[in-house]
Amino acid sequence: MSGADGAGTIAGGREAGVEYIELDNPAKRHALTQGMFRLLEQRLRAADVADEVRVIVLRSDGPVFCAGLDLDEFAADRANEPDAVTDLNRILDTSAAVCGAIAESRKPVIVAAQGPCVGIGLLMFLSCDIGFMTPSARLQLPKALIGAGYFAPLLAKVLGPRRAKALLLNPAITAIEAADAERWGLAAAVLPAEGFREAVRDYAQALARMPAAWLQLQKSGADHVSSSLSVRDAIRAGAHLDAIAHASDFAREAAQNAFGQPAKSATDATGGKQ
């Protein structure tokens, strides 16, 4: 259930050694608010240190896994705090915190994407250990000038720089479809939409019957050799790029188009001083 005031929240429960963490903002296709970011990181961190939890499943219900940020809240924040440093800290406090908690968890983290993963939804899917998708799910690639900067380093980390550039620098490609995600190793499997939640539950509970120490060793061993760039560092690097982009005139014009707000030039933002 969503919060009593209609705002999104983070729901879920625990069963047979599996912690289910559920995005719950159906009115906005499970877009994340600032409050949801905080709750999500808290739930992830708490599950990581709970002895009775061996596996974590991150999921949602409905046609979309996650539509990204709550754009109404995001637009209001940018109108009140337009400087690049605030922009940088916002990303570090939200996206980097949540994706860092996913990637740094000692427990295997599964993302069950029954529909499109947009913005932070894409980042969470890329940060997890095991991702499942339905045939209609997709990983939406950022093409807008607002919010596009911090995806490139993480995509390069998980796909390699050449494939990441082939996707990001191709205007004709707007998403990674489920079949390609499976073929490239981003998704562990594409499962039928009918019975999707039950299939992921069965997989997670079977995994949770394995010894906890074995699960931790397997995850840490694979992560140790995967890359010298951590998920948190990849998002941090991207956040720097994105904050710089947001301070530019072309990005302010993109914000005007996206949110219907007057665009402030760099000169306006500094009172005419450069």
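Q: Which residues in H6 meet which residues in H7?
A: This is a predicted model. In it, Ala152, Leu155, Ala156 and Leu159 of H6 meet Pro161, Arg163, Ala164, Leu167 and Leu168 of H7.

Q: Which hand is the crossing of H6 and H7, left or right?
A: H6 passes H7 in a right-handed crossing.

Q: Changing topic: how do H4 and H5 cross?
A: H4 is residues 95-104 and H5 is residues 120-127. Their axes cross at roughly 25° and come within 9 Å. Angles under 35 degrees count as roughly parallel, and H4 and H5 are therefore roughly parallel to each other. The crossing of H4 past H5 is right-handed.

Q: Which residues make the contact there?
A: On H4 they are Ser95, Val98, Cys99, Ile102 and Ala103. On H5 they are Ile120, Leu123, Met124 and Ser127. By type, the contact of H4 with H5 has seven nonpolar residues, two polar and no charged.

Q: Which residues touch the most other members of the largest nonpolar core?
A: Leu40 and Met124 do, in a core of 58 residues.

Q: What does Met124 touch, not counting residues up to four places away in sequence?
A: Met124 touches Leu23, Leu32, Leu40, Leu58, Phe65, Cys66, Val98, Cys99, Ile102 and Val111.

Q: What about Ile91, where is it?
A: Ile91 is in helix H3, which is residues 84-93.

Q: Buried or exposed?
A: Buried: the relative accessibility of Ile91 is 2%, and the cut-off for buried is under 20%.

Q: What is Ile91 in contact with, beyond its neighbours within four places in sequence?
A: Ala96, Tyr150, Ile235 and Ala239.

Q: How far is Ile91 from Ala243, in sequence and in space?
A: They are 152 residues apart in sequence, and their C-alpha atoms are 8.7 Å apart in space.

Q: On to the backbone. What is phi at Ala16?
A: Phi of Ala16 is near 50°, which is a positive value in a residue other than glycine. Ala16 sits in the loop between strand S1 (9-15) and strand S2 (18-24).

Q: And what is phi at Arg29?
A: Arg29 is not a glycine either, and its phi is positive, at about 55°.

Q: Where is Arg29 found?
A: In the loop between S2 and helix H1, with H1 running over 34-49.

Q: Now the whole chain: how many helices and strands?
A: The chain has 13 helices and eight strands.

Q: What share of the residues counts as buried?
A: 47% of the 274 residues.

Q: And what share of the contacts with a separation of 6 or more comes from residues 24 or more positions apart?
A: Such residues account for 72% of those contacts in the chain.

Terms used. Residues are numbered from 1 along each chain as its sequence is written. This is a predicted model: local features need pLDDT of at least 70, side-chain atom pairs count only at pLDDT 80 or more; totals for chains, interfaces and linings use all residues. Side-chain values use heavy atoms; hydrogens and water are left out. Axes are lines fitted to C-alpha atoms, for helices over the stretch in contact, and angles run from 0 to 180 degrees between N-to-C directions. Helices (H or I, at least four residues) and strands (E, at least two) are DSSP runs, numbered from the N terminus. Angles under 35 degrees count as roughly parallel, over 145 as roughly antiparallel, 65 to 115 as roughly perpendicular and the rest as oblique. A crossing is left-handed if the near helix is turned anticlockwise from the far one by less than a right angle, and right-handed if clockwise. Contact means heavy atoms within 4.5 Å. Ala, Val, Leu, Ile, Met, Phe, Trp, Tyr, Cys and Pro count as nonpolar, Asp, Glu, Lys and Arg as charged, and the others, Gly among them, as polar. A nonpolar core is a set of buried Ala, Val, Leu, Ile, Met, Phe, Trp, Tyr and Cys residues joined through side-chain atoms within 4.5 Å. Buried means under 20% relative accessible area, exposed over 50%, partly exposed in between (1.4 Å probe, protein chains only).
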